[in-house]
Amino acid sequence: MNNKVLFFSIDRLGDYLIRSNVIKKISEKFDNAEIVSSDKNYKLISVQKFFNKVYLLNTKKKFIEKIKIIFLFFLKKYDAVIVFDGKRISNILLFLVRSNFKYTFVYKKKEFSNLIYIKFLTFIYDLFNIKYEFLYNRANIENDFSDNYPKKYKKL
């Protein structure tokens, strides 16, 4: 059994609910499961028994909170780090946290600036051997059931 896993779920409550069962199943394979949550889903996550530690990232105090969380996780060591939310702060922390296994979901949107960002991220992920999977934004998921969350998460 592995020692420590860190999840990032800095998003809305409904997004967390969709993936909570997957997070629970993955957590069962680790002695210590920690998660970084947003203020929007913190109440639910903090009462779930399968997390040893829940970190709150208050999204209302953006810059100061992000700096605090970067210092908190700077060079911490985990056996696995999984980013579910696709947020930039989560992906930055993915690079800073030391881990044997790193996995993230890249959310594809049609804006030009996001396409450049995705190209850059995938290049960096390949360079640093970070595993990633593409997901489409919520509107595309609702319209195309062949590309939904549970199928993607089964690959973990």
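## Basis of the description

The model is predicted, and local features are described where pLDDT is at least 70, side-chain atom pairs count only at pLDDT 80 or more, and totals for chains, interfaces and linings use all residues. Residues are numbered from 1 along each chain as its sequence is written, and side-chain values use heavy atoms, with hydrogens and water left out.

## Overall fold

The protein chain holds seven helices and six strands, where helices (H or I, at least four residues) and strands (E, at least two) are DSSP runs numbered from the N terminus. Along the sequence these elements follow the pattern β-α-β-α-β-α-β-α-β-α-β-α-α.

Of the 156 residues in the protein chain, 44% are buried; buried means under 20% relative accessible area, exposed means over 50%, and partly exposed lies in between, with a 1.4 Å probe and protein chains only. The accessible surface of the protein chain comes to about 9,200 Å², of which 58% belongs to carbon and sulfur atoms, the areas coming from the Shrake-Rupley method with a 1.4 Å probe, and for residues only the protein chains shown count as cover. Among the contacts with a separation of 6 or more, 54% join residues 24 or more positions apart, a contact being heavy atoms within 4.5 Å.

Helix α3 covers residues 62-73, and its 12 residues should span 16 Å at 1.5 Å a residue, which agrees with the 17 Å between its end C-alpha atoms; the expected span is 1.5 Å times one less than the number of residues. Within α3, the residues E65, I69 and F73 are buried. Seen down the helix axis, the buried residues of α3 fall within an arc of 55°, so they line one face of the helix, the arc being that of the directions from the helix axis to the C-beta atoms. An α-helix has 3.6 residues a turn, so residues three or four places apart point the same way.

The face of α3 turned away from the buried side carries the exposed residues F63, I64, K68 and F71. I70, also in α3, counts as partly exposed because its relative accessibility is 21%.

## Nonpolar cores

The largest nonpolar core has 20 residues, and those with the most contacts inside it are L6, F8, V36, I69, F73, Y78 and V81; such a core is a set of buried Ala, Val, Leu, Ile, Met, Phe, Trp, Tyr and Cys residues joined through side-chain atoms within 4.5 Å. At least two residues of this core come from each of β1 (2-9), β3 (53-57), α3, β4 (77-83), α4 (88-96) and α5. Apart from this core lies another, of 19 residues, among them I23, I26, F30 and F51.

Leaving aside neighbours within four places in sequence, F73 is in contact with L6, V36, Y55, Y78, L93, L96 and V97. L93 lies in helix α4 and counts as buried, since its relative accessibility is 1%. With residues up to four places away in sequence not counted, L93 touches F8, I69, I70 and F73, while I70 touches I89, I92, L93 and L96. The C-alpha atoms of L93 and I70 are separated by 6.5 Å, although the two are 23 residues apart along the chain.

## Salt bridges

The structure holds three salt bridges, each defined by a side-chain nitrogen of Lys or Arg within 4 Å of a carboxyl oxygen of Asp or Glu. R19 pairs with D11, the closest N and O atoms being 2.9 Å apart; R19 is buried, with a relative accessible area of 1%, and D11 is buried as well, with 6%.

R12 pairs with D15, the closest N and O atoms being 3.5 Å apart; R12 is partly exposed at 46% relative accessibility, whereas D15 is buried at 7%. The side chains of K24 and E28 meet at 3.0 Å, N to O, and K24 is partly exposed with a relative accessible area of 35%, as is E28 with 41%.

## Residues with positive phi

Most residues other than glycine have a negative phi. N129, which is not a glycine, has a positive phi of about 55°; N129 lies in the loop between α5 (112-127) and β6 (131-136) and counts as exposed because its relative accessibility is 60%. L75, which follows α3, also has a positive phi, near 65°.
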